[in-house]
Amino acid sequence: MHEYPITEQIIKICSQHCAEAKADKVVSVSLVVGDYSGCVGESIQMYFDIISEGTPCESAKLKIKRVKPKLKCPACGEFFERAPMSFACPKCGVDGEPTEIGKEFYIEEIEVE
Amino acid sequence: MHDIRKLNVMENVMDENDHIAEHVREHMGAHGVLIVNEMGAPGVGKTTTLKNIIERLQIAKPFVIEGDIESDLDTKDLNSLGIAAYQINTFGACHLDAPMIDHKIDEMDFDLEDKERGILFIENIGNLVCPAEFTIGEHVLMLIATVTEGSDKPYKYPLAFEKADIILINKVDLIPYLDFDEEFFMKGVRALNKTAPVFKVSGKTGEGYAEVAAWLEGRAAALDIHEHHHGHGDDEHHHHHHE
Ligand SMILES: Nc1nc2c(ncn2[C@@H]2O[C@H](COP(=O)(O)OP(=O)(O)O)[C@@H](O)[C@H]2O)c(=O)[nH]1
Ligand SMILES: [Mg+2]
Ligand SMILES: [Zn+2]
């Protein structure tokens, strides 16, 4: 139940961009969401449909691109998705370090008409 | 006028929350109040930990905001001990956010003497996932883990361990009855976080909390108190900023 304020924010940003472009309505919204922004669940389209009623985003389609978190190996530089219960680099076995990959949460583009 | 056009947006959804959080952090820091965001799963001893730390503060004046989905039991409990605790109920939401804290702080009275320091403890909603993703204006993110939850917590909830500024391992009085693998736990912690100090504590015996209180008071003493100016200043107390 954190989707509500987040969805409101998404609609606000998209409506602003739509107005600035002097368009009438938003047709689609492309969101990039890292898995560590777990706050965006399956139910977001449902919230979006309800909250967007009466806004330029009404009946817009949400396209969500998920990004899997990656660690970076400090020894060999490899970026990798970790195995469960381990942070070890698949190439050399050294524990990887956190990166920004997987923490994204932004609106990439919208389509308007 | 019915052509479909693509607009490049590239805007972070959390920008507004992060902006308010930055304001709260700067504003309270300038007034000598260190904000501690306390997170941990339900029942790990977040409220017990607050009481234990507050009892052991030597110089800083404590304040508390209790986040809870709907009850105010912990707040009543703290108030009955003479601790200035305020309640935020999220009515379903699984984490606090910066606007909630910004509003609550407006209602509170931080009556500090000249140069006196305060520590505002904010007990977040019991949950290891969402609170790690929402900054609420804290200077210090304090993570409470326990020996009873098992040694694999860093591997299951890496973001919480990555973002923590200080980590407490609570309920160490129960170690004799459990098979907590401290080495495996610490290996996971250090893969994710090279700098956060880790303190072993017990809410039952009180061990370890004097050191935690001293560490927090050190952070409070290091705040740069100055006349509040509007706008958003520098970022020096803001660790682990992910954008
Ligand atoms: N044995 C033991 N029990 C503890 C310890 N700390 C807290 N508890 C108990 O754990 C339960 C949950 O504590 P509480 O502070 O309410 O957890 P919160 O939900 O995280 O705020 C209570 O029954 C506490 O008495 C500890 O260090 N050792
Ligand atoms: Mg509690
Ligand atoms: Zn490697």
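Which backbone N or O atom lies 2.6 Å from an oxygen atom of ligand 1? One belonging to Gly203(B) does. The legends below cover this site and other close-ups of the structure.

The model is predicted: local features need pLDDT of at least 70, side-chain atom pairs count only at pLDDT 80 or more, and totals for chains, interfaces and linings use all residues. Residues are numbered from 1 along each chain as its sequence is written, chains are lettered from A and ligands numbered from 1 in the order in which they are written, and side-chain values use heavy atoms, with hydrogens and water left out.

View 1. A polar backbone atom of Gly43(B) is 2.9 Å from a ligand oxygen. For Val44(B), a backbone N or O atom lies 3.3 Å from an oxygen atom of the ligand.

**View 2. The contact between chain A and chain B.** Chain A gives 37 residues and chain B gives 38; contact means heavy atoms within 4.5 Å. The two chains bury about 3,500 Å² between them. This is the accessible area (1.4 Å probe) that two parts lose on being put together, summed over both. Carbon and sulfur atoms carry 60% of it. Tyr36(A), Met85(A) and Phe87(A) supply 18% of the area that chain A buries against chain B, more than any other three residues.

View 3. On the side of chain A that touches chain B, E6(A) gives the most, with eight residues. Six salt bridges also join the chains, each a side-chain nitrogen of Lys or Arg within 4 Å of a carboxyl oxygen of Asp or Glu. One of them links Glu97(A) and Lys194(B), at 3.7 Å, N to O.

**View 4. Strand pairing across the two chains.** E6(A) pairs with strand E1 (residues 5-12) of chain B in the antiparallel sense, over six bridges. Strands are DSSP runs of at least two residues, helices (H or I) runs of at least four, numbered from the N terminus. Two strands pair if DSSP finds at least two bridges between them. Glu109(A) stands opposite Asn8(B) in E1(B).

**View 5. A salt bridge within chain A.** Asp35(A) and Arg66(A) form a salt bridge, with the closest N and O atoms 3.7 Å apart. Asp35(A) lies in the loop between E1 and helix H2 (44-51) of chain A and Arg66(A) in strand E2 (residues 61-67), so the pair ties together parts that are 31 residues apart in sequence.

**View 6. Parallel strands in chain B.** Strand E3 (residues 61-68) runs parallel to strand E5 (residues 118-123), joined by six bridges. Here Ile65(B) stands opposite Ile122(B) in E5(B). E3(B) also runs parallel to strand E4 (residues 85-89), with five bridges. In that pairing, Val64(B) stands opposite Ala85(B) in E4(B).

Conventions: A polar contact is a pair of N or O atoms within 3.5 Å; within protein, one must be able to donate a hydrogen and the other to accept it, and residues adjacent in sequence count only if both atoms are side-chain atoms.
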